[in-house]
Amino acid sequence: MAVFTAHSHQEMIDYLKKAAPHAEIHIGDLMADEHTANGRAQDQIDGKIFAYVAVSDKDDIGGVLKTAMKFHLPIVAQGADTSTVIGADGVNGGIILSVAKLNHIIEISQGDGLAVVEPGVINQDLDQAARKQGLFYAPDPASKPLSSIGGNASTNAGGLSGARYGATKDSVLGLKVMLTNGHEIKLGGRTLKQAFGYDLTQLFVGSEGTFGIITEVTVKLFPIPYGKTIRGIAFFDDMTKLAKGVQALRMSGLYPTMLEALDGKTVQSLDQYEDSHYAKTASSAMLIFGFDGASDTQLQISEKILKEHEAWNITVTDDPNKAAQLVKLRQDMLPAVFANTKYHIMEDMAVPLSQLAVMTDFIDQTAKDLSLDIYTAGHAGDGNLHPSLLWDGQPTPPDAVIEGIRRLFYKTLALGGTISGEHAVGMSKNLWTNEELGDDVDVIQHQLKNLFDPMGILNPKRKIN
């Protein structure tokens with residue numbers, strides 16, 4: 001069947017170049033190919049994008065949106081392109097809109113305790129700049145050295161310090177967003193409180209580029225805590241005992257900054273990767289914990305709580321170099337685990353703290369029932385677990401892996417949890433909206449999408465299907 005188009009391919013290219021004159025535009029070249037897919041969507045899309053456009057100003061963002069609206073082209077916004085859920089991969093016939101060049105820190109205000117940044121600013125760069133002024137930026141995902149603030153806001157990224165400081169949403173005070181009609185709107189602001197109107201700021205945080213393009217982010221900064229920065233490790237016989245110890249620490253009033261869990265198999269992988277000797281058995285689990293601005297009393301009580309929950313080999317340090325080595329164990333977890341196989345899926349679910357032990361038991365049982373190779377770690381302080389399922393042979397997940405993930409998802413929901421704690425939804429989980437949120441809320445989600453993006457051009461098939 002013949003398809004008659006109103007405009008030729010070249011006419012569309014010419015229109016884009018005129019609409020975004022300052023942008024770096026790549027069509028059908030190596031740069032476009034490199035940024036089309038980040039390696040996680042090869043069986044989902046062909047990756048035949050119309051153009052990869054790296055903008056350097058807001059006018060060009062407006063020009064790209066104008067082009068997309070005129071020719072009905074999908075737009076995928078990219079920051080640092082670190083999505084793990086097929087959230088920023090190119091869409092066939094679409095435009096990848098890269099804001100990586102919008103990477104300026106506009107302001108760091110000591111007086112207001114905030115920073116105003118462009119969306120392409122790297123998380124770690126902002127934190128380092130803030131620390132030079134006695135402040136710090138709290139959200140610290142594992143991708144901290146690589147991921148951008150705009151991407152973190154779009155996905156509501158979490159991190160190692162989430163037990164105390166929460167996720168990205170807890171640090172976002174305001175946004176500027178460009179809508180599909182090219183109008184830039186201001187949401188939120190510079191105040192720590194704001195009760196006027198509906199909270200559109202938080203509606204856009206975590207929206208994964210499906211409502212608009214983030215052009216500016218105002219984030220909360222914290223003063224560097226006074227006192228010792230403490231990091232430590234403790235071991236438990238299994239993840240179940242560790243989970244109960246974490247719950248006790250979390251509810252103790254001590255306010256730990258970090259509570260990271262690694263199961264015995266993960267610790268064994270780290271030993272191989274780091275040439276260390278932490279693992280005792282394949283079932284024993286490691287807790288990496290920390291306090292900012294710690295007192296001796298906090299350390300004494302935390303050690304007492306850990307021992308009451310059968311922890312052993314408790315090691316604590318306030319030496320910055322030794323502390324960094326302990327944190328590095330958590331940061332090296334993924335390369336250590338993934339070194340054991342060619343193919344893997346790392347999942348991301350969160351449960352109420354009271355259900356953490358139940359969930360870790362279920363993960364172990366699922367691995368046994370389906371003969372799966374599962375390594376479990378995560379941000380235990382906020383109930384966020386990352387079971388990694390490994391396999392060899394074929395690139396596509398075997399049926400047992402798919403079934404295992406389905407079982408983990410359904411169990412998470414049955415325990416009152418969420419199947420996306422911090423990695424967002426992307427295309428990987430966009431068919432689960434009604435399962436997690438219910439049919440009525442599923443409809444509302446689509447109505448919101450239609451309100452902000454009536455033509456359905458912004459990151460289609462992501463977040464919701």
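Student: Which residues are buried in α14?

Tutor: This is a predicted model. In α14, the buried residues are Val401, Gly404, Ile405, Leu408, Phe409, Thr412 and Leu413.

Student: How should I read that spacing?

Tutor: An α-helix has 3.6 residues a turn, so residues three or four places apart point the same way. Here, the buried residues of α14 fall within an arc of 165° when seen down the axis, so they line one face of the helix.

Student: Which exposed residues does the face turned away from the buried side of α14 carry?

Tutor: Asp399 and Ala414 are the exposed residues on that face.

Student: What do the buried residues of α14 pack against?

Tutor: They pack against strands β16 (343-346), β17 (349-350) and β19 (384-391), and also against helices α13 (356-369) and α15 (433-437).

Student: How many residues does α14 have, and what is its reach from first C-alpha to last?

Tutor: Helix α14 covers residues 399-414, which is 16 residues, and reaches 23 Å. That is close to the 22 Å expected at 1.5 Å a residue. After α14 comes Gly416, with a positive phi near 85°.

Student: Now the rings. How many aromatic pairs does the structure hold?

Tutor: It holds 12 aromatic pairs. To read one, take the distance between ring centres and the angle between planes; an angle over 60 degrees counts as edge-to-face. Phe136 and Tyr165 have ring centres 5.5 Å apart and planes at 80°, so this pair is edge-to-face.

Student: Where in the chain do Phe136 and Tyr165 sit?

Tutor: Phe136 is in strand β7 (residues 135-136) and Tyr165 is in helix α6 (residues 162-165). They are 29 residues apart, and the pair links distant parts of the chain.

Student: What kind of pair do Tyr165 and Phe222 make?

Tutor: Their ring centres lie 5.0 Å apart with the planes at 55°, so the pair is tilted. This pair also links distant parts of the chain: Phe222 belongs to strand β11 (residues 222-223), 57 residues from Tyr165 in helix α6. Phe136, Tyr165 and Phe222 form one aromatic cluster.

Student: Are Tyr165 and Phe222 buried or partly exposed?

Tutor: The cut-off for buried is under 20% relative accessible area. Tyr165, at 11% relative accessibility, counts as buried, whereas Phe222, at 22%, counts as partly exposed. Phe136 is buried, as is Tyr165.

Student: Which residue lies over the face of Tyr375?

Tutor: Lys265 does, at 4.4 Å from the ring centre.

Notes:
Residues are numbered from 1 along each chain as its sequence is written. This is a predicted model: local features need pLDDT of at least 70, side-chain atom pairs count only at pLDDT 80 or more; totals for chains, interfaces and linings use all residues. Side-chain values use heavy atoms; hydrogens and water are left out. Rings of Phe, Tyr and Trp (its six-membered ring) pair if their centres lie within 6.5 Å; planes under 30 degrees apart count as stacked, over 60 as edge-to-face and the rest as tilted. Helices (H or I, at least four residues) and strands (E, at least two) are DSSP runs, numbered from the N terminus. Buried means under 20% relative accessible area, exposed over 50%, partly exposed in between (1.4 Å probe, protein chains only). A charge sits over a ring if NZ of Lys or CZ of Arg is within 6 Å of the ring centre and within 35 degrees of the ring normal. The expected span of a helix is 1.5 Å times one less than its number of residues. The arc is that of the directions from the helix axis to the C-beta atoms. Contact means heavy atoms within 4.5 Å.
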